[in-house]
Each structure stands twice: as structure tokens, then as C-alpha cells.
Amino acid sequence: MKKLLSMMLLLLVLAWVFVGCSKTPKTAVQNIPVGTYIMRESKEPAKPTVSLEDGNRFTFTYSLLSSYYAIGSYEIDDGNLILKTDDGEYKYMFKIKDNTLIFNAKESSEIPSYANVPDGAAFEETHE
């Protein structure tokens, strides 16, 4: 009887430990709608755009003069949208504010000088 009680107590403690270890800390749910975001203030004929797709995929077009096509995956962390290119060469950071992306040049890879995407540029969601 003592052995049975000891085994039951051990199983109870193990179950309690596993349940306690499996809980992850609660974090705020962060989300940004899939879609196209345009830098409307740009004077370029083809405005810079960020397109977010299902499966956490993105494209970032900042100039028609660029032969580089920024494509890769994105993640959301602490209110920031982080774009990382598939080739591992570039990272672009945006602050999420409502359904607008605010470019953070200081935390991003350098954009070529011919592309006019200044720090703080707002990319607004399109509804087309």
C-alpha cells in the first residue's frame, strides 16, 4: 500500500512538473494584415512598396533603378516588422503603428543612395 501511494504521489508530482514546464509566458498578440503598403509621400513614379504575403513572406521594392529584388521572410517582434531577405544579405525594420509601417533606417540595412526611403517614412496599407 505504501509503495502504491508513493508511486501515485510521484506520478502526481511529475505531471505537475510537466504541466508547469510546458506553459509559455504570455505575450501580447502582434499582427499586421497581409497586403501591400505604399510610401505615398514618395515623388517617384513607382512608389516604394512592401508586400506582405501569407506564410510570412514579403517583397520590398524601393526603386525602379534597382536590379535587386528584396524577397524573403518576415517576423513581428515587440511591435516591429522585421524583413530578412532569403539570401541573408539584408534586413529591414519597420515600426508597426496601427496599419502603417514606419521605416527604421538605423536598424535596417543600407538602402542605395538613389532610392529615396528616409528614416521615418510611412508605408500605408492600400485597400485596392
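The model is a predicted one.

**Overall features**

- The protein has 128 residues, and 33% of them count as buried.
- The accessible surface comes to about 8,900 Å², and carbon and sulfur atoms account for 57% of this surface.
- Where contacts join residues at least 6 apart in sequence, 33% of these contacts link residues at least 24 apart.

**Aromatic pairs and the aromatic cluster**

- The count of aromatic pairs in the protein comes to eight.
- One of these pairs is formed by Phe60 and Tyr92, whose ring centres are 4.9 Å apart. The planes of the two rings stand at 75°, so the pair passes the cut-off of over 60 degrees and counts as edge-to-face.
- The pair of Phe60 and Tyr92 connects distant parts of the chain, as the two residues are 32 residues apart. Phe60 belongs to strand β3 (residues 57-61), while Tyr92 belongs to strand β6 (residues 91-97).
- Tyr92 also pairs with Tyr90, with ring centres 6.3 Å apart. The planes of Tyr90 and Tyr92 are at 10°, so this pair is stacked.
- One aromatic cluster brings together Phe60, Tyr62, Tyr68, Tyr90, Tyr92, Phe94, Phe103 and Phe123.

- Is Thr49 buried or exposed? Its relative accessibility is 17%, so Thr49 counts as buried.
- Thr49 lies in strand β2, which covers residues 49-53.
- Which residues does Thr49 contact, leaving aside its neighbours within four places in sequence? They are Thr36, Tyr37, Ile38, Thr59, Phe60, Thr61 and Phe123.
- Among these contacts, Phe60 and Phe123 are also members of the aromatic cluster.

Conventions. Residues are numbered from 1 along each chain as its sequence is written. This is a predicted model: local features need pLDDT of at least 70, side-chain atom pairs count only at pLDDT 80 or more; totals for chains, interfaces and linings use all residues. Side-chain values use heavy atoms; hydrogens and water are left out. Rings of Phe, Tyr and Trp (its six-membered ring) pair if their centres lie within 6.5 Å; planes under 30 degrees apart count as stacked, over 60 as edge-to-face and the rest as tilted. Helices (H or I, at least four residues) and strands (E, at least two) are DSSP runs, numbered from the N terminus. Buried means under 20% relative accessible area, exposed over 50%, partly exposed in between (1.4 Å probe, protein chains only). Contact means heavy atoms within 4.5 Å. Accessible areas come from the Shrake-Rupley method with a 1.4 Å probe; for residues, only the protein chains shown count as cover.
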